[in-house]
Structures are given as structure tokens and as C-alpha cells.
Amino acid sequence: MKLSGEQREVERQHREVERQHREVERRHREVERQHREVERRHREVERRHREVERRHREVERQHREVERRHCEVERQHHTGGGSGMQGKSKEDEILAILRTVDDPELPTVSVYDLGMVHEIKIVLNNVAITMVPTFAGCPALDFIEKDVKEAVEALDWVDGCQVEFSFQLRWTTDSITDKGRENLKKLGIAAPPETYQPGDSWTVSCPYCDSAYTSMENVFGPTACRSILYCMECRNPFEAMKPVVEYSIS
Amino acid sequence: MTKRIETADEAKQDAAYSEALKELIYQMADDDFIVSFRGSEWLGLAPHIEEDVAFSSITQNTMGHAVMYYNLLEELGEGDADALAHARPLEKRRNAVYLEKQNGDGSYLKEPYFDWALTVVRHYFYEVLKKVKLEALTKSSYVPLANIAQKVLMEQPYHLAHWKLWIRQLQNSNEDAKSRINMRIVEAWKEFGDALELGTKSSEMVQHELIAGEEFLQKQWLNEVKATVMSLPTYPLEKGLGNGRNGKHSADLKQAIKIFSEVYESDREAVW
């Protein structure tokens with residue numbers, strides 16, 4: 001009888017283990033279900049993200065279109081004023097388009113506002129644009145060239161557009177327009193300091209909270225023209241455009 | 001003063017002028033190119049992550065400087081810039097021989113026993129020289145070269161400041177760091193000699209006011225280095241590895257050419 005009592009106890013424990021086992025399996029299935037749910041939501045977020053991007057592109061396209069029409073209207077305004085006037089307004093039209101072509105590494109900051117457009121020459125319906133590269137080793141130049149060419153050639157009256165980068169010209173951080181500085185800040189990138197001497201250390205205020213309590217993490221950043229800094233006030237890392245100025249030889 | 005030459009076509013009118021000019025540009029181009037190649041081998045291997053970011057940025061930018069010089073040579077009728085960088089045989093190369101020296105034992109892909117002290121000394125010595133030459137080039141009679149020198153001078157202070165900081169910190173560090181740096185400085189003293197020279201056409205270069213003379217450049221370089229490096233050998237610099245300005249190179253350049261021309265050689269017609 002004692003033995004059967006023990007047997008019953010073993011059986012009871014056995015059933016208990018089985019019950020726990022089923023419980024674990026149940027929970028396991030639950031976790032899997034949740035996991036699938038998370039994945040589903042993740043896909044949903046991704047889908048929406050793509051949708052937002054698509055709309056964003058659409059808005060940009062419309063923006064360019066409006067800009068284009070705007071120029072068109074302006075151009076028609078000027079056409080009464082003789083051929084010289086017409087040439088000028090065509091140039092304005094090109095400039096307006098260049099204000100919409102963003103630097104591929106600085107989305108929302110146009111190549112115009114970065115001070116990279118040097119000269120626009122229009123002969124009949126052909127456009128030749130001379131641009132100034134920021135840093136010599138910038139790998140984005142080919143992309144910028146392509147983007148500028150495509151945007152200009154989208155204008156009705158333009159037959160062809162040649163873009164050339166001149167290494168003979170010197171880009172300085174002073175060439176960045178006020179709008180460019182503002183747009184950089186929105187990206188979390190501080191504009192370059194106003195006073196800088198080659199070789200000196202420098203600092204800028206935080207683009208997020210405007211605190212001057214910042215530290216240089218690495219003067220060399222993700223691209224040749226940017227540095228990495230850290231804000232001690234709002235505890236955000238941020239980037240700054242690296243200052244370059246004309247070098248005076250003593 | 002020699003007439004200022006504004007374009008490549010103008011330079012080509014005078015054979016003696018353009019020969020000296022091309023020789024000088026080859027030296028500038030090949031120095032930047034080989035230094036950035038050796039720098040690129042450190043990618044992912046630098047002592048810490050921020051150094052990796054900094055060093056690769058410097059290297060990429062330096063490669064961009066080499067491209068500008070090769071483009072000048074292309075304008076002067078020397079052929080395609082890509083081919084000048086990748087397909088020129090060893091004996092046609094004009095870089096200083098110390099700059100082609102391998103980073104250490106082993107290779108980039110397999111067991112890279114690279115030496116950081118060699119890299120710090122080499123890049124510091126080179127960036128000081130580059131600054132001295134660029135400053136002289138801003139007064140060059142060849143305007144396109146003077147313009148490029150001005151542009152590079154706006155970017156290069158960052159490179160020089162970086163390596164100067166490393167030299168300063170390591171020579172003020174512990175005994176191990178000090179002795180490693182000193183050893184590499186003594187070594188460089190025996191091998192860096194040709195870097196400070198301008199090759200067989202040096203007098204023509206000065207005569208045509210393309211760049212200041214070797215003596216002046218050497219003095220400037222030495223003054224700047226003396227101001228930073230605590231102990232320097234007292235004897236003159238030597239050319240222990242040969243003279244790259246005359247196309248005499250080491251087996252290390254052969255190894256470099258083999259690697260950096262690999263992709264180019266696999267399809268010379270490829271378009272990006």
C-alpha cells in the first residue's frame with residue numbers, strides 16, 4: 001500500500017509536469033503570435049514609411065513644377081523687354097531650379113544655398129553651369145552633377161545642360177547663404193563658425209538648443225566637409241560644417 | 001619675373017617649361033596618391049573608432065588632391081587621369097620612396113601587423129612637407145597649379161593638425177611610446193631624403209618660377225619639424241631606400257601597384 005501511495009505521488013507529479021509543459025507550450029504559442037503581430041506592425045510601419053516618402057517626393061516634384069511655372073510667368077513678363085532681358089530671366093529661371101536641387105548628403109539644403117553654383121551661361125537653349133566643389137575629395141560630385149543636369153533639362157525650353165566642376169575655384173564656408181545656414185540647422189548640422197584661422201581649433205553652438213556648451217568629438221566627420229560635436233547642455237551629438245577660409249600666406 | 005601661364009595650351013608652347021612643369025606635377029600627384037593608398041590600408045584597423053573616421057576622411061581627401069594633379073597632367077597632354085594613376089609602370093613614378101614603404105608586416109586582409117608609430121611619423125613628416133610645398137606653389141608661374149595649391153591649403157591644415165597632435169601626444173607619453181616614435185624618426189631620417197628633393201629638373205623648375213628651390217623648401221620643412229619634434233638626429237637626411245624622384249623604387253611600390261591597379265586592370269573600359 002505504501003508503494004502505491006508513492007506511485008500515486010509520482011503520477012501526480014508527472015501530471016503536474018505535463019500540465020506545466022502544456023502551459024509553457026501555450027505561452028510559447030502566445031509569444032509566437034505576438035511576434036507575428038509585431039512583424040505585421042513592423043511591415044505596416046515600413047509600408048507607411050514608404051508611402052510618406054512617396055508623398056514627399058510627390059510634393060517636391062510639385063514644388064519644382066510650381067517653381068517652373070512661376071519662372072515661366074516671370075519670363076513671359078520680361079519678354080517684352082528685348083533679348084537681353086530675356087537672357088536674364090532665363091538665368092533667373094535656372095537659378096530658381098538650382099534652389100530646388102538638394103545636396104545628396106544634405107537633403108533639404110540646395111546646392112545653390114551651399115554656394116556651389118559659380119556661373120550660368122546660356123547660349124540659345126543650351127545651358128552650361130560651372131560649379132565649385134566643397135572639398136576636393138567629395139565623392140558626391142558625380143551625383144550632384146547628374147541631379148543638376150536632370151533638373152535643368154526638365155525645363156521646356158532647355159535642349160541640353162552641361163555641368164562642370166572647376167577645381168580652379170575655391171569654395172569657402174562663407175559662400176553658404178543665410179537660407180542654407182538655416183536649413184542646415186534644421187538638419188541638426190551647425191553652420192560653420194564665422195571667424196576661423198586655418199589650423200586653429202574652433203567651436204560652434206548646438207543646432208538643437210543653441211547652447212555654447214559644446215565639445216568637439218572629432219573634427220573629421222561622416223563627410224569631408226563635416227565634423228562631429230557633442231552638446232553638454234541637451235546631451236545630443238550633432239554635426240557642424242567644417243570651416244574653410246582663404247589661406248593667406250605670410 | 002617669368003610670365004604667368006594661364007592655361008595648359010599656353011604651357012605647351014614652351015617645351016622646356018612644360019617638361020619641368022609636368023615633372024613637378026607628377027611628384028605632387030604621386031606623393032599624394034601613394035600616401036593615401038598606404039592610408040587606405042589602415043581602414044578598419046586604426047587604433048580606435050574615432051581615429052578610423054578621421055584617418056579615412058584624411059585619406060579620401062588626399063586622394064581627391066591627387067586626382068586634381070592627375071587632371072592637370074591630362075590637360076597637359078599626358079593621357080587619361082585614371083590611367084596615369086593606375087596604369088603607369090613603377091619606373092615612371094615620381095613619389096618619394098619612403099612614402100611607398102609598407103605599413104608593417106603582414107597584409108591588409110591577413111594578419112596586418114601594421115606599425116602605428118611608422119604611420120604617425122610618416123604622415124606628420126609628409127604633411128609638413130606638403131604644406132611647405134603648397135605655400136611655395138601658390139606663387140607658381142603656372143596659374144592652374146597655383147589655384148589648386150590655394151584650394152588644397154584650405155583643407156590640408158586639418159590633416160597636418162591631426163598628425164601633429166599624434167606626434168605631440170606620443171612623445172609626451174610613456175617610455176614605450178617615446179622609444180617607438182624615436183626609432184621611427186631615426187629610420188625616417190635615413191630614408192626621407194628624396195622627399196625633400198625635386199629630381200633632375202629641379203633647377204629648371206626654379207628657373208621657370210614653378211616652385212621655390214630645394215634648399216628653401218628643406219629649410220622651411222626642418223624649421224617646422226624642429227618646432228614640434230623633441231629630439232631629431234643632428235646629421236643630414238639620407239636616401240637609404242633610393243631616389244623615387246628619379247624613378248628608383250623599392251619592391252614595396254611593386255606590391256602597392258599590384259593591389260591598387262587590380263580593379264582597374266580587371267576592366268579598363270568600365271564606366272561608373
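1. Largest cavity. In this predicted model, the largest cavity is lined by A:Asp103, A:Glu105, A:Leu106, A:Thr134, A:Cys138, A:Ala140, A:Thr223, A:Cys225 and A:Arg226. A cavity is a set of points, on a 1 Å grid over the protein atoms alone, where a 1.4 Å probe fits but cannot get out; lining residues have an atom within 4 Å of a point. The space inside is about 60 Å³. Volume here is the space filled by probe spheres set on the points, with grid points joined across faces, edges and corners. Four lining residues are nonpolar, two polar and three charged. For these classes, Ala, Val, Leu, Ile, Met, Phe, Trp, Tyr, Cys and Pro are nonpolar; Asp, Glu, Lys and Arg are charged; the others, Gly among them, are polar. The whole structure holds five cavities of 30 Å³ or more.

2. Second largest pocket. Its volume is about 820 Å³. A pocket is an open set of points with protein on both sides within 12 Å along at least five of seven lines. It has 27 lining residues, and A:Glu60, A:Arg64, A:Thr100, A:Val101 and A:Asp102 are the closest to its centre. Helix 1 (2-78), strand 1 (102-103), strand 2 (106-110), helix 3 (141-153) and helix 4 (178-186) of chain A each give two or more residues to the lining. Helix 1 of chain A has the largest share, with nine residues. Helices (H or I, at least four residues) and strands (E, at least two) are DSSP runs, numbered from the N terminus. By class, the lining has 13 charged, eight nonpolar and six polar residues.

3. Nonpolar core. The largest one has 133 residues. Such a core is a set of buried Ala, Val, Leu, Ile, Met, Phe, Trp, Tyr and Cys residues joined through side-chain atoms within 4.5 Å. Those with the most contacts inside it are A:Ile129, A:Met131, A:Val148, A:Val152, B:Phe125 and B:Tyr142. Helix 5 (residues 116-137) of chain B gives the most, 14 residues.

4. B:Asn243. This residue sits in the chain B loop between helix 9 (214-228) and helix 10 (251-260). B:Asn243 counts as buried because its relative accessibility is 14%; the cut-offs are under 20% for buried, over 50% for exposed and partly exposed in between (1.4 Å probe, protein chains only). Its side chain reaches the backbone nitrogen of B:Arg245 at 3.0 Å.

5. Conventions. Residues are numbered from 1 along each chain as its sequence is written, and chains are lettered from A and ligands numbered from 1 in the order written. Local features need pLDDT of at least 70, side-chain atom pairs count only at pLDDT 80 or more, totals for chains, interfaces and linings use all residues, and side-chain values use heavy atoms, with hydrogens and water left out.

Notes. A polar contact is a pair of N or O atoms within 3.5 Å; within protein, one must be able to donate a hydrogen and the other to accept it, and residues adjacent in sequence count only if both atoms are side-chain atoms.
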